[in-house]
Amino acid sequence: MAGHQTSKPEGPVAIAKAEGASLNPLDPIARFNRSKLKQYTNIEIVVASILFIAIVILAVFGAFLQTHDPMQGDLMARFAKAGEKDYLLGSDHLGRDLWSRAVAGLQWSMACALTANIINLFIGTTLGLMAAEKEGWARTIIRQFTDTLQSFPFLVVAIVVVVIVGHGFVPLVFTLGLLAWVVFMRVVYAEATSIYQRDYVKAARIAGVSRIAIMFGHVLPGVRASLFVIFAFHFAGLLIAESALSFLGIGAPLGVPTWGNMLAESRQYLLKAPGMLMVPAGAIVLAVITMNLVGDGIASLSRKRGRSIDV
Amino acid sequence: MSSGTASASSVANTKTTAQDILTGLIPLFLQLRKLAWLIFAVTTLLFFVLRQAGDPALVLAGNDATPEQLAAIRAQFGLDRPLLIQYFSYMWNVLQFDFGKSLASAEPALGKVLDMVPRTLHLAGMAILLTASIAIPLGSWLGFKPENPERRMVSGFLFVMQGVPGFVTALVLIQIFAVNLRLLPSLGYEWYEPKTWVLPVCSLASFLFPSLTRVVAANVAEAMREDYIRTARANGASQMALLWKHAVPNALLGAAALIGTQFAALLGGSAIIETIFSWPGMGWLLLESVQTLDFPVVQALAFMIAILVFSVNASTDLVFRFLDPRLRTKGA
């Protein structure tokens, strides 16, 4: 990771010579080698970017990339192997195309995790900043509440709430959104309390800047780097939580093509169609690793570390 | 662990007296107040939320019950009284550890939960044991020379493993070892049959060990840069002694916190693994009882999980005090 950060005193021309690159100002490789971009690029970040862009493309243009209707099966073509009868990754027990279903699952999971994550970010940051600002009843209540929420295994809370509020996208998103913000609150609280002690914040206060302006204009920017990192790692955690709840049959409604539902369906056909297990499993793993890589990449760029949540 | 204890006790120059142990327990008593508050909050919240979720009388009587039957059941269980009165009488019962009877099987709810506790502790304990016994040696090895190419490959592997959720591992393991190779049973639990433990424990550990290994490795790597390592090296300590006597005990202090957190998260949080393998533990019971709206059992489970998580956290604290002499508050 630290390989590219060693400074070379010879200057860009000397570097270019040493690396045997041309000095033609229009040569893109040479330009890249001399640019700042190279310092910030390592193999992990390149892999993370490629995977991330692929996921974004699949999520946005998924409808055009699906080869079949993910809901519509062909009973004549059940348990097709990968590549058979123009099924890219095979078909399931109802003859539905696994690739199209995996793409549909990606759209569902991404939408779910992204919305929940934004809600988490918003709640956690606001509460963290409020608690960090000064001692008093607000800090006591917020910290007590966070501690209470945290002292239960997250999955236990999520299971109870999701079953009560019911199936569907909106209940699932709001359950995750309203319950999983603890990481954001804790990190923002820890960092913002120290930022509130800085001279520039004190100066702003003396100069008569309003509390809200200090909170969001002076303190929040100092926490931003960590927030990006947590956002990425937390995204991975939410993907796991979402698919876990759907797998248990209490998240996404039955029949909706999501990774969790696909995994649950695959359990009866492990002997007959291992692809039914491997496709959604691979999709989850790839998505989670991508988000972890993105988080790691942002962390190594900003040289700060976030924590990933354990589900 | 033993080397950590040895170095800790050699640093502490006074012998531990009964009074020291008592002063060490003060934070525990403060924590107990927190536990009481937690149980109160959770019980209250669950009481009102669960009443909103569904009518217990309807659950008891079934969907095709006549209004008269419903009324009879309401009267029998006191469900026709105002909600607040119900709440206070309920809390009074909870104070006496009476959570009522399970709606599904008419057994006392707490007893039903207590049956599950040993099984979940069994699963969680073995998973943590396996996690620690992989992560600590592996993490020490990785952290000793983190830039070494083969160790970087192992780090990459850990990074990938960290992205594989436990239930995905569980399904893949079932596919390989139960369905294809027919070596191990895919579900069921007998405490005397170790074959039934292997897959659930491995699935849980597979998700836990990468993060613990990374923490141990990072801590060892950090400890290796400390002054006391340089001093020990200057004194002629061997590489092995540097690692195992000086770096690892310090790294384990940080790891102990994560082990505690992971263990606490498994108490009930192992619900998915328990469901996949039909392991009749607390997580399995939680899913069962929530889905059948068996309120007394859900309440008793929440109570039990709160106590267990609290005990784990408190004992992690105590272990810390034991391991780390800097945390012991001593009057001069």
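In this predicted model, a salt bridge brings together the side chains of A:Arg96 and A:Glu265, with 3.5 Å from N to O. The two partners come from distant parts of the chain: A:Arg96 sits in the loop between H4 and helix H5 (98–133) of chain A, while A:Glu265 belongs to helix H12 (residues 259–266) of chain A, 169 residues apart. A:Arg96 is buried, its relative accessible area being 7%. A:Glu265 also counts as buried, because its relative accessibility of 18% falls under the 20% limit.

A:Glu265 has a further partner in A:Arg101, and here the closest N and O atoms are 3.6 Å apart. This second pair runs from helix H12 of chain A, which holds A:Glu265, to helix H5 of chain A, which holds A:Arg101, so parts that are 164 residues apart in sequence are tied together. Both A:Glu265 and A:Arg101 are buried.

A contact between the chains comes next. A:Asp147 and B:Lys34 form a salt bridge whose closest N and O atoms are 3.6 Å apart. Since A:Asp147 lies in helix H6 (residues 137–150) of chain A and B:Lys34 in helix H2 (residues 18–53) of chain B, the pair joins two chains. Both ends are partly exposed: A:Asp147 has a relative accessibility of 26%, and B:Lys34 has a relative accessible area of 39%. Back within chain A, shared partners join A:Arg96, A:Arg101 and A:Glu265 into one network of salt bridges. Over all chains, the search of the whole structure finds five salt bridges.

The surface of chain A also carries a nonpolar patch, made up of A:Phe52, A:Ile53, A:Val56, A:Ile57, A:Val60, A:Phe61, A:Phe64 and A:Leu65, with about 760 Å² of accessible area together. One of these residues, A:Phe64, is found in helix H4 (residues 43–65) of chain A and counts as exposed at 70% relative accessibility.

Chain B contains 14 helices and zero strands. Its C-alpha atoms fill a box of roughly 85 × 60 × 30 Å along the principal axes, and 47% of its 332 residues are buried. The chain is divided into domain 1 (2–95) and domain 2 (109–328), whose centres, taken over C-alpha atoms, are 26 Å apart.

Buried in H7(B) are B:Arg151, B:Leu158, B:Phe159, B:Met161 and B:Gln162. Viewed down the axis of H7(B), the buried residues fall within an arc of 160°, so they line one face of the helix. B:Pro149 and B:Met153, on the other side of H7(B), are exposed.

Definitions and conventions: Residues are numbered from 1 along each chain as its sequence is written. Chains are lettered from A and ligands numbered from 1 in the order in which they are written. This is a predicted model: local features need pLDDT of at least 70, side-chain atom pairs count only at pLDDT 80 or more; totals for chains, interfaces and linings use all residues. Side-chain values use heavy atoms; hydrogens and water are left out. Patches are made of residues with over 30% relative accessible area and no salt bridge: like charges are joined within 9 Å, nonpolar side chains (Val, Leu, Ile, Met, Phe, Trp, Tyr) within 5 Å. Accessible areas come from the Shrake-Rupley method with a 1.4 Å probe; for residues, only the protein chains shown count as cover. A salt bridge is a side-chain nitrogen of Lys or Arg within 4 Å of a carboxyl oxygen of Asp or Glu. Helices (H or I, at least four residues) and strands (E, at least two) are DSSP runs, numbered from the N terminus. Buried means under 20% relative accessible area, exposed over 50%, partly exposed in between (1.4 Å probe, protein chains only). Domain bounds come from an automatic or database domain assignment. The arc is that of the directions from the helix axis to the C-beta atoms.
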